[in-house]
Amino acid sequence: MKSKRVVSFGEVMLRFSAPDYQKIEQAEQFDLSYGGSEMNVSASLARFGIDACHVTVFPKNLIGEKAANYLKQLNLDTRYVIEKGQRMGLYYIEKGASMRASQIVYDRENSAFQNLDPAWFDWEEILKETDWFHWSGITAALSQSAATACLDAVKTAQKMGITVSSDIYYRSDQWKYGKKPQDILPELASYSNVLLANEANMHELLGAPLSSCHESFERTSHDTMKMYQGITKVVNTNREQISSHHNKISSMLYDGERLWSSQENDITYIVDRVGGGDAFLGGFIYGQLIYEDDLKSICFGTAASALKHTIPGDINLAGIEEIENVMLGDSSGRIKR
């Protein structure tokens, strides 16, 4: 059987982590790694044995070379990584503890990715023999050129019959080039088939009526799918935050006719929650490609996200077997020999 192929598009940043739960102002050294929402999704899929390709732009210098080598170590296809520009986007993180929340500071202005030229990407070539394309609202926030490149990609994917997933989560303070999310994201979403969003996202960004009924996610998803007829599934994750170290997570999916709900995973000791949503999407996409079952897909994605919370860094390093064990209810944490 032909192996499944997934392509993602987005910026990869160099991550500076303050060690040992220190605040940034305390830290005299930082642990270095890499992260980026869309790349995190593809990295999960590559770990699950999916042919995963990430498309991005790195500076043409030693820092860019180091980043490209990191992607290769994750078994990501880097054929379409562009090396141009001068600087890499950065972010700094201090991990929260107990009632103190984690904090992130971004430094990605004038990065190589932000300054990309959409003409650099031959999407028909990049997406050849691809089953799934993934993008997020974070990419569209960085610059008009990044949003244009993303639009070119989803238009091409639709023309080629490729399933498109979109995470339309956005951070309002990142939209600095004169456009609002409502100016850009609705058109991008119109070329998507699978949407990760909550009721507020669908109302604020896509114009869906906000329902006050008990089944508000189902109702708002239904209205969104009537407005954007290419969207066939809406998924969302739920989080009950008890403290920085203790969360409960679950997920749900609406397919136009029925609402599916996953198990709830109780995470009693969080090591690093950054990338948890990306781990969910990586698991969910794997489920859609391999299980071809909506309920099993969100259950696998939820378990994958739960395990990611126990792993430092942006990338989910959990394997299929351990995710399936958690999905089936094994939360004992017993040592494996």
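Reader: Which side chain makes a polar contact with the side chain of D77 at 2.7 Å?

Author: In this predicted model, the side chain of R79 is the partner at 2.7 Å, and the side chain of D77 also makes a polar contact with the side chain of R5, at 3.4 Å.

Reader: Where is D77 placed, and which residues does D77 touch beyond its sequence neighbourhood?

Author: D77 sits in the loop between α2 (62-73) and β6 (82-83). Leaving aside residues up to four places away in sequence, D77 touches R5, A52, C53 and H54.

Reader: Is D77 buried or exposed?

Author: Buried means under 20% relative accessible area; D77 has a relative accessibility of 14% and therefore counts as buried.

Reader: Let us turn to a strand. How should I read the two faces of β2?

Author: The general idea is that in a regular strand the side chains alternate between the two faces of the sheet. In β2, M13, R15 and S17 lie on one side, L14 and F16 lie on the other, and all of these are buried, with both faces covered. The strand, residues 13-17, is accordingly described as mostly covered, with 5 of its 5 residues buried.

Reader: Which strands pair with β2, and in which sense, parallel or antiparallel?

Author: With β3 (residues 31-35), β2 runs antiparallel and is joined by 5 bridges, and within this pairing R15 stands opposite S33. With β7 (residues 90-94), β2 pairs in the parallel sense over 4 bridges, and here L14 stands opposite L90.

Reader: What does F16 touch, and why does F16 count as buried?

Author: F16, which is found in β2, counts as buried because its relative accessibility is 17%, against a cut-off of under 20%. Not counting residues up to four places away in sequence, F16 touches F30, D31, L32, L90, Y91, Y92 and I93. A separate point concerns distance along the chain: F16 and G313 are 297 residues apart in sequence, yet their C-alpha atoms are separated by 9.9 Å.

Reader: Now the helices. How does the reach of α9 and of α10 stand against the expected span?

Author: The idea is to set the distance from the first C-alpha to the last beside the span expected at 1.5 Å a residue. Helix α9 (residues 276-291) has 16 residues and reaches 21 Å, close to the expected 22 Å, while α10 (residues 294-308) has 15 residues and reaches 21 Å, close to the expected 21 Å.

Reader: How do α9 and α10 cross, and which residues make the contact?

Author: Their axes come within 7 Å and cross at roughly 150 degrees, and α9 passes α10 in a right-handed crossing. The contact is made by residues of α9 including G276, A279, F280, G283 and F284, and by residues of α10 among them D294, I298, F300, G301 and A304.

Reader: How many residues of each helix are buried?

Author: Both helices are mostly covered, since buried means under 20% relative accessible area and this applies to 14 of the 16 residues of α9 and to 13 of the 15 residues of α10.

How values were computed: Residues numbered from 1 in each chain as written. Predicted model: local features only at pLDDT ≥ 70, side-chain atom pairs only at ≥ 80, totals over all residues. Heavy atoms only, no water. Buried < 20%, exposed > 50% of the residue type's maximum accessible area, 1.4 Å probe, protein only. Polar contact = N/O pair within 3.5 Å; in protein donor to acceptor, adjacent residues only side chain to side chain. Contact = heavy atoms within 4.5 Å. Expected span 1.5 Å × (residues − 1). Pairing = 2+ DSSP bridges. Axes fitted to C-alpha atoms, helices over the stretch in contact; angles between N-to-C directions. Left-handed = near helix turned anticlockwise from the far one by under 90°.
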